[in-house]
Amino acid sequence: MTVSLREVPLSEVVPLTWALLERAVETNAGPLRLPVLASVGTDGRPQARVVVLREVDAQARTLAVYTDARSPKVAELAATPHAALCFYAPEEGLQLRIAGRVALHHADEHAQRAWDSAGLYARRSYLTTAAPGTPLESAGDGLPADYDPQVGSGEHLAVVRLYVEQLDWLVLSPEGHRRAGAVAGPRGSWDTSWLVP
Ligand SMILES: Cc1cc2nc3c(=O)[nH]c(=O)nc-3n(C[C@H](O)[C@H](O)[C@H](O)COP(=O)(O)O)c2cc1C
């Protein structure tokens with residue numbers, strides 16, 4: 001990045017956020033590709049894990065990640081359909097916190113499209129016979145027993161779509177940090193303001 005993000009004017013914060021996220025998905029590279037997804041656990045306590053950002057739609061104001069429909073996060077998001085994604089790009093000193101409402105897609109055309117677009121490596125994540133998080137025996141060498149033959153179809157893939165409602169932009173800099181907040185308004189508008197970092 002040639003221009004310091006510290007010099008970004010308020011009017012550019014939201015469009016640039018979408019552009020940076022789109023680029024991360026298109027290039028399949030960079031730290032913005034790997035946010036932390038935070039949800040509310042079924043016990044009411046926080047849960048967080050790294051995920052791959054898979055889809056960005058600035059027009060619709062949505063982000064999507066793919067997961068196994070049997071994983072605990074899906075039950076959590078079904079019970080409390082709100083989530084936050086936290087991104088950090090160390091070279092730019094940029095933290096993005098993006099929160100909103102969640103829609104889950106499983107065994108529908110969205111999940112099928114995601115399966116069709118997934119590479120072989122990604123598909124393997126959704127092919128285990130037992131659900132993610134199922135306890136495994138230790139083998140004789142102290143390592144986990146083989147957990148699966150890789151068989152099956154895309155039936156377990158779920159799309160977690162986040163309808164973005166809020167965005168928090170933080171740029172850390174020795175010259176002084178910058179922080180902006182944005183709240184999604186009607187007809188694609190954003191209510192933005194600078195905040196004390
Ligand atoms: C670099 C990296 C990328 C990951 N990407 C995904 C992903 O795209 N989807 C996913 O469900 N889990 C992904 N995981 C695994 C999750 O962090 C997590 O361990 C798993 O989904 C189980 O989470 P849960 O028990 O909260 O459902 C990734 C982990 C790492 C380290």
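K73 touches L37, R49 and T67, leaving aside residues up to four places away in sequence; contact means heavy atoms within 4.5 Å. This is a predicted model, in which local features need pLDDT of at least 70, side-chain atom pairs count only at pLDDT 80 or more, and totals for chains, interfaces and linings use all residues. Residues are numbered from 1 along each chain as its sequence is written, and side-chain values use heavy atoms, without hydrogens and water.

K73 lies in helix α2 (residues 72-79). Helices (H or I, at least four residues) and strands (E, at least two) are DSSP runs, numbered from the N terminus. K73 is buried but has no salt bridge. Buried means under 20% relative accessible area, exposed over 50%, partly exposed in between (1.4 Å probe, protein chains only). A salt bridge needs a side-chain nitrogen of Lys or Arg within 4 Å of a carboxyl oxygen of Asp or Glu. For K73, the nearest side chain of opposite charge is E76, 7.8 Å away. Lys and Arg count as positive, Asp and Glu as negative; His and the chain ends are not counted.

E76 pairs elsewhere. Its side chain meets that of R49 in a salt bridge (3.0 Å, N to O). The pair links distant parts of the chain: R49 sits in strand β2 (residues 46-50) and E76 in helix α2, 27 residues apart. R49 counts as buried because its relative accessibility is 18%. E76 is buried too, at 6%.

The structure holds six salt bridges. Another of them joins R161 to E55, with the closest N and O atoms 3.0 Å apart.
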